[in-house]
Amino acid sequence: MLTQDFPGSGFFVYEAKRKDYTDEEQFLEDLLAEMDYELPVARTLAARRTQLKRALYAASAPRSHLFMVLDEAQHLRENVLDWLKNIVNWLTTQGVRVTVVLFGQQELLTRRDELVATGRSDLVIRYMQQVVEFEGIRSAADLATALRACDTASEFPPGTGWPYTQFVWPYAFAAGLRLERHADALWLAFIQSSPTTKGAGGIAMQWIALTLCELAMATKKRDSTSFELTDEDWMAAIQMSGYVERMPTLRKKK
């Protein structure tokens with residue numbers, strides 16, 4: 001969506017490794033590899049910095065705006081954030097607007113507290129000035145909003161004007177099938193599939209998406225003007241998504 005909303009901007013996506021970097025040269029080499037850098041990586045630290053700066057500068061054209069998206073950001077230590085800050089500062093001096101977005105688990109908040117405690121407010125302001133927590137689907141009403149997007153606020157394949165629901169079940173969609181109307185049934189199926197938690201804490205969007213994927217794969221060949229989704233369809237899709245197996249309290253004791 002960013003490519004559509006900010007055409008001409010550059011995008012760099014990096015998934016942080018689960019390791020502590022003590023060598024900036026190795027970290028810069030990993031970043032260059034993530035960018036599919038074609039030239040041989042330089043041997044010296046200064047040269048690698050120059051290579052990365054130029055590569056990111058080129059990526060920001062023609063709009064001179066670079067989105068740096070860092071996934072699994074809870075693994076980024078203070079020294080790594082410092083190295084990145086130097087890169088971002090250089091890009092800024094070259095007239096490039098840099099938007100840094102961190103995605104991470106709950107531990108990312110702990111990392112933020114650690115930076116505050118060690119007096120690194122510069123890094124907090126740079127990377128974590130605004131913190132947004134993504135909550136799971138917590139009710140049938142929340143679920144209805146997500147399903148409505150499948151019915152109306154989506155398009156696949158691009159350029160067709162077809163929402164996801166129409167793409168998967170074109171005949172049933174023409175006859176009136178809408179996933180939003182099944183929000184209560186799907187929410188109940190999730191609750192029944194997790195009897196020990198009753199949906200406490202919400203249902204992560206990962207499981208909603210996987211369930212819809214399994215549902216589509218299992219029922220698309222049944223598409224017709226008389227096709228109807230059943231409670232059994234929803235329960236089977238949840239089961240196939242792996243949602244039940246990921247809950248330790250529901251695993252059978254050996």
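This is a short exchange about the criteria behind some labels in a predicted model.

Modeller: In this predicted model, local features need pLDDT of at least 70, side-chain atom pairs count only at pLDDT 80 or more, and totals for chains, interfaces and linings use all residues. Residues are numbered from 1 along each chain as its sequence is written, and side-chain values use heavy atoms, with hydrogens and water left out.

Biologist: Why does Q74 count as buried?

Modeller: Buried means under 20% relative accessible area, exposed over 50% and partly exposed in between, with a 1.4 Å probe and protein chains only. Q74 has 6% relative accessibility, so it counts as buried.

Biologist: Why is the pair of Y14 and F27 called edge-to-face?

Modeller: Their planes stand at 85° with the centres 6.0 Å apart, so the pair is edge-to-face. F27 is buried, at 1% relative accessible area.

Biologist: How do you know that the charged end of R178 sits over the ring of F173?

Modeller: The rule asks for NZ of Lys or CZ of Arg within 6 Å of the ring centre and within 35 degrees of the ring normal. The charged end of R178 is 3.7 Å from the centre of the F173 ring and sits over it.

Note on methods
Rings of Phe, Tyr and Trp (its six-membered ring) pair if their centres lie within 6.5 Å; planes under 30 degrees apart count as stacked, over 60 as edge-to-face and the rest as tilted.
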